[in-house]
Amino acid sequence: MRSIAIKELLAKQPLGDTVEVNGWVKTFRSNRFIALNDGSTIQNIQCVVDFEKFDESILKKITTGAALKIKGQLVESQGKGQSVEIQTEDIFVHGTADPDTYPIQPKKHSLEFLREKAHLRVRTNTFSAIMRVRSVLSFAVHSYFQQNGFYYMHPPIITGSDAEGAGEMFRVTTLDSKNPPMNEDGEVDFGEDFFGKEANLTVSGQLEAETYAMGLGKVYTFGPTFRAENSNTSRHLAEFWMIEPEMAFYDLDANMDLAEDFIKFTIRYVLDHCQEDLVFLEKRLLDEEKSKPQHERSEMTLIEKLKFVVDNNFKRVTYTEAIDILRNSKPNKKKKFQFLINEWGADLQSEHERFLVEKHFKCPVILFDYPADIKAFYMRLNEDGKTVRAMDVLFPGIGEIAGGSQREERLEVLQQKIKALDIEEEELWWYLDLRRFGTAVHSGFGLGFERLVQFATGMGNIRDVIPYPRTPQNAEF
């Protein structure tokens with residue numbers, strides 16, 4: 001007999017049929033009612049046991065966390081909380097779970113505790129819901145780009161270039177850490193390393209994606225990236241996934257159009273396909289916010305936030321306009337901002353971005369034309385000589401969710417910017433070649449996938465939206 005997923009069973013509800021399900025025990029009440037869950041849905045199936053029909057040795061093995069196969073007749077439920085239940089005829093115990101040591105008991109666990117049990121936390125309702133949403137979002141990302149003429153490109157994970165120019169990279173080496181070869185200057189001789197040069201884990205696939213966009217037209221990457229940034233915050237991970245489309249013949253306006261359309265598509269897709277999980281996560285968030293002071297509570301529920309993005313046009317505002325708005329805002333004048341805005345050129349913080357979205361414009365915002373000094377070298381310099389064709393997409397509750405730019409397609413200008421940053425041209429000879437051979441206007445953006453999952457699930461800490469978070473002093477599991 002073929003086992004059926006609980007999600008499928010609850011959808012079809014073939015009353016009177018004998019069915020077979022597999023899953024893990026959530027609870028076993030009164031030696032009679034088993035709540036079984038297989039991960040296909042947040043809903044459990046109730047299995048009713050006539051304990052007189054089963055040997056006590058079997059019943060003793062049915063504890064929270066045990067894996068079972070249950071066969072029986074599907075009938076209308078006589079109790080509250082479920083429409084159907086299984087009248088259990090046969091039980092097979094795949095694996096037991098000692099109730100004295102199994103950590104995921106049917107009670108409220110803190111998120112901090114569950115991070116320590118990351119290998120088991122997906123068995124909780126919260127994390128099973130998050131990971132199903134994450135999976136659906138991942139599918140939505142690929143669906144959007146495949147439907148819109150993009151080609152999926154796999155950039156290298158090991159690279160010799162620093163796309164962001166920040167220098168916060170993880171080194172990849174086979175050299176003996178205790179006795180590395182040294183050159184005449186007394187420095188480590190990476191010429192004897194595996195790749196014959198210094199190599200690192202990538203911080204971005206953007207530069208390589210640009211090269212493919214300039215041959216295939218429109219490409220996107222979606223893969224792991226790494227930052228050796230010693231930040232122990234709720235917003236940072238050392239290993240995370242990035243979505244990076246790059247498009248030939250796209251200017252900044254077309255780039256902003258694409259970013260808005262893409263983000264709306266993914267959020268709409270989750271609203272259409274994850275309703276049960278979103279309702280659960282919304283209720284969880286509302287319960288969590290009850291303990292917060294009134295002024296710290298969100299003005300929108302989770303689903304309202306998602307619809308807020310889908311239903312509103314993104315307001316496009318220059319950085320200069322935004323600075324004027326922030327400088328003259330009440331929080332700035334009354335010194336409520338942690339980082340006060342005094343002059344043009346300031347690097348905006350999350351509090352500023354959220355003010356613009358949530359208080360001033362009351363819709364998602366795309367800021368563009370940022371000061372060149374606070375943006376990366378590859379962004380196209382405007383005619384004013386002080387701003388670049390950069391853009392950031394700002395969301396409620398999270399601030400920046402995506403950032404990108406029209407890329408600098410002029411060889412001489414890019415060479416000047418590279419020289420000003422003391423970057424050796426030889427390191428980026430291949431990147432400069434794009435400007436030598438058939439250069440053209442092109443653009444792209446990057447969106448941290450975990451930020452998107454955070455927004456879609458309402459989770460406050462980015463460590464709770466990736467299966468195994470990698471953070472400073474933490475590479476467990």
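The structure is a predicted model, in which local features need pLDDT of at least 70 and side-chain atom pairs count only at pLDDT 80 or more, whereas totals for chains, interfaces and linings use all residues. Residues are numbered from 1 along each chain as its sequence is written, and side-chain values use heavy atoms, with hydrogens and water left out.

The C-alpha trace of the protein chain spans about 85 × 60 × 45 Å along its principal axes. The chain has 14 helices and 16 strands; these elements are DSSP runs numbered from the N terminus, with helices (H or I) of at least four residues and strands (E) of at least two. Of its 477 residues, 48% count as buried, where buried denotes under 20% relative accessible area, exposed over 50%, and partly exposed the range in between (1.4 Å probe, protein chains only). Among contacts (heavy atoms within 4.5 Å) between residues at least 6 apart in sequence, 67% join residues at least 24 apart.

With regard to charge, Lys and Arg count as positive and Asp and Glu as negative, while His and the chain ends are not counted. The place of a charge is taken as NZ of Lys, CZ of Arg, CG of Asp or CD of Glu. The mean positions of the 59 positive and 74 negative charges are 8 Å apart. A negative surface patch is formed by Asp 422, Glu 424, Glu 425, Glu 426 and Glu 427. Patches are made of residues with over 30% relative accessible area and no salt bridge, like charges being joined within 9 Å and nonpolar side chains (Val, Leu, Ile, Met, Phe, Trp, Tyr) within 5 Å.

A search of the whole structure finds 26 salt bridges, each defined as a side-chain nitrogen of Lys or Arg within 4 Å of a carboxyl oxygen of Asp or Glu. One of them joins Lys 283 to Asp 287, with the closest N and O atoms 3.2 Å apart. Lys 283 and Asp 287 are separated by about one helical turn because they are four residues apart in helix α7 (residues 275-289). An α-helix has 3.6 residues a turn, so residues three or four places apart point the same way. Lys 283 is exposed, at 52% relative accessibility, whereas Asp 287 is partly exposed, at 37%.

In helix α9 (residues 319-327), Asp 324 and Arg 327 are three residues apart, about one turn of the helix. Their salt bridge places the closest N and O atoms 3.1 Å apart. Asp 324 has a relative accessible area of 36% and is therefore partly exposed; Arg 327 is likewise partly exposed, with 28%. A further salt bridge is formed by the side chains of Glu 383 and Arg 380, at 3.8 Å from N to O. Here Glu 383 is exposed, with a relative accessible area of 69%, but Arg 380 is buried, with 14%.

Glu 210, Glu 246, Arg 407 and Arg 435 are linked in a network of salt bridges. Gln 206 is found in helix α5 (residues 206-216) and is buried, at 3% relative accessibility.

Ser 443, located in strand β16 (residues 442-448), is buried at 0% relative accessibility. When neighbours within four places in sequence are left aside, the contacts of Ser 443 include Glu 246 and Arg 407, together with Pro 245, Met 247, Tyr 250, Leu 252, Asn 255, Ser 405 and Gln 406. Asp 251 is also in contact with Ser 443; the C-alpha atoms of the two residues are separated by 6.0 Å, although they lie 192 residues apart along the chain.

Helix α14 (residues 449-457) is mostly covered, with nine of its nine residues buried. The buried residues of α14 include the charged pair Glu 450 and Arg 451, as well as Phe 449, Leu 452 and Phe 455. Just after α14, Gly 458 takes a positive phi of about 80 degrees.

Definitions and conventions. Areas by Shrake-Rupley, 256 points an atom, 1.4 Å probe, with all protein chains shown as cover.
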